[in-house]
Amino acid sequence: IALLALSAFATAALTGVAGAGGGMLLLAIMLQLMPPAAAIPLHGAVQLAANTVRSWLLRRAIDWRIAWRFSLLLPAGIGIGLLLFQGLPTAVVQMLIGSFVLLSLSLHRIGLLRGRALPLWVFLPLGLATGVLNMIVGVIGPVLAALVIRRPLSKEAVVGTLGLFALASNLLKVGGFALAGFSFRNYGPAIVCMVPAAMLGSRTGRLLLGRIDERRFQLVFRLVLAALAAKLILLDGLVRLWR
């Protein structure tokens, strides 16, 4: 439990600075200590707390034009994902997510797409897809981050908007698993220790974000996403399929 609490703090601080990545790292750690059927719901509860703090601290910077479009079809996606939770091979889904992240990061360098902002309507189907995949894979922050970064937003707006995405997704995910019969009470000690640690980590990340140069932030942000995509494709995808 001490290791989980420390991990929750460190990964929440990472997400508070980079906008994405910490949640995936936390889930990877949790999967070493408990089965996926417990790790994914518990991870959702911890991330809900962390992203509530992050969204509140950056509430003035959130791009609400993106936020309401993303949230509109999200509940339907959660419902579909809950039905599919038992069936899809996670390794294949993670490889697809990693490939999509790399593609999204490279689109701004390709011909006519260079410098063009992503249209707002894209976030409608994205909310639906997020709901589905969030129940199956547990974390798809890098996909959302790769798309949000295509909008002309400040670093605070990027981190704040992604925080609101995660807040809405994890709130519905926790509710969905609770309705499906998952007992969060059985993991009460872990939740009691991890939730405050994650909230403190989000606060720490917010303080560090204000000290980072905008151009350096964009570079670090893309490097973090590329590294996470490579992990999804190689370690979480190909290695598991090979075994």
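Colleague: Which residue forms a salt bridge with aspartate 63?

Modeller: Arginine 65 does, and the closest N and O atoms are 3.1 Å apart. A salt bridge here is a side-chain nitrogen of Lys or Arg within 4 Å of a carboxyl oxygen of Asp or Glu.

Colleague: What should I know about the model and numbering?

Modeller: It is a predicted model, where local features need pLDDT of at least 70 and side-chain atom pairs count only at pLDDT 80 or more, while totals for chains, interfaces and linings use all residues. Residues are numbered from 1 along each chain as its sequence is written, and side-chain values use heavy atoms, with hydrogens and water left out.

Colleague: Back to that pair. Is aspartate 63 buried or exposed?

Modeller: Aspartate 63 is buried, at 8% relative accessible area. Buried means under 20%, exposed means over 50%, and partly exposed is in between (1.4 Å probe, protein chains only).

Colleague: And what does arginine 65 count as?

Modeller: Partly exposed, with 45% relative accessibility for arginine 65.

Colleague: How many salt bridges does a search of the whole structure find?

Modeller: One.

Colleague: New topic. How many helices and strands are there in the chain?

Modeller: Eleven helices and zero strands. Both are DSSP runs numbered from the N terminus: helices are H or I with at least four residues, strands are E with at least two.

Colleague: How much of the chain is buried?

Modeller: Buried residues are 53% of the 243.

Colleague: What about the surface?

Modeller: The chain has about 11,400 Å² of accessible surface, and 70% of that belongs to carbon and sulfur atoms. Areas come from the Shrake-Rupley method with a 1.4 Å probe; for residues, only the protein chains shown count as cover.

Colleague: Which residues form the nonpolar patch on the surface?

Modeller: Trp68, Leu72, Leu73, Ile80, Leu83, Leu84 and Leu128, together about 660 Å² of accessible area. Patch residues have over 30% relative accessible area and no salt bridge; nonpolar side chains (Val, Leu, Ile, Met, Phe, Trp, Tyr) are joined within 5 Å, like charges within 9 Å.

Colleague: Which helix gives the most to the nonpolar patch?

Modeller: H5, with three residues. Helix H4 (64-72) and helix H5 (74-84) each supply at least two. Isoleucine 80 sits in helix H5 and is partly exposed at 38%.

Colleague: Last one. What lies over the face of tryptophan 56?

Modeller: Arginine 59, at 3.8 Å from the ring centre. The rule wants NZ of Lys or CZ of Arg within 6 Å of the ring centre and within 35 degrees of the ring normal.
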